[in-house]
Amino acid sequence: MFFSNILLIIMYLCPLGIGLALGNDKYTDWNVGEFIRIGKQVGGRPMVIWFALGGMVAACGLFNSSLLTAAEALAFISRNRMGPKFFQFRSPWFHTPIVAIAVTSTITCILVLMPLSAILRAEMV
């Protein structure tokens with residue numbers, strides 16, 4: 001675990017340092033795709049592919065983490081008898097709250113189909 005954290009820090013700091021050294025010094029002016037442009041300057045097409053894959057893996061990890069956090073919250077509410085009991089059912093292999101994950105995933109899929117303005121209006125109510 002310690003070595004994976006060191007590797008993770010290196011994988012984030014090296015491209016960021018290179019990007020700050022070669023790119024626009026004022027990072028607030030960066031636009032979407034700026035990191036990819038700098039990666040192309042530094043390492044060509046392989047670096048662009050590496051950055052894109054790294055971004056996709058990071059986004060998937062962030063989504064999975066968010067999904068499990070929301071599902072664990074539902075399971076916790078159920079365990080404290082403040083919600084339906086079926087939310088606390090856990091997988092015998094992975095010990096994850098599978099019903100809560102399924103419900104959270106379904107809600108996420110529904111929200112993805114909605115326009116952002118409708119989600120924001122529902123949030124404000």
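Axes here are lines fitted to C-alpha atoms, for helices over the stretch in contact, and angles run from 0 to 180 degrees between N-to-C directions. The model is predicted: local features need pLDDT of at least 70, side-chain atom pairs count only at pLDDT 80 or more, and totals for chains, interfaces and linings use all residues. Residues are numbered from 1 along each chain as its sequence is written, and side-chain values use heavy atoms, with hydrogens and water left out.

**Exercise 1.** Classify the crossing of helix 2 and helix 3.

Solution.
1. Helices are DSSP runs (H or I, at least four residues), numbered from the N terminus.
2. The axes of helix 2 and helix 3 (residues 98-113) come within 8 Å, and their crossing angle is roughly 125°.
3. Helix 2 is therefore oblique to helix 3 (under 35 degrees is roughly parallel, over 145 roughly antiparallel, 65 to 115 roughly perpendicular, the rest oblique).

**Exercise 2.** Is F51 buried or exposed?

Solution.
1. F51 belongs to helix 2.
2. Its relative accessible area is 14%, so F51 is buried (buried is under 20%, exposed over 50%, partly exposed in between, with a 1.4 Å probe and protein chains only).
3. From F51 to K40 the C-alpha to C-alpha distance is 9.6 Å, at 11 residues apart in sequence.

**Exercise 3.** Describe the lining of the largest pocket by helix and by class.

Solution.
1. Helix 1 (2-22) and helix 2 (34-79) each supply at least two residues of this lining.
2. Helix 2 gives the most, with 10 residues.
3. By class, the lining has 12 nonpolar, 4 polar and no charged residues.

Note on methods
Ala, Val, Leu, Ile, Met, Phe, Trp, Tyr, Cys and Pro count as nonpolar, Asp, Glu, Lys and Arg as charged, and the others, Gly among them, as polar.
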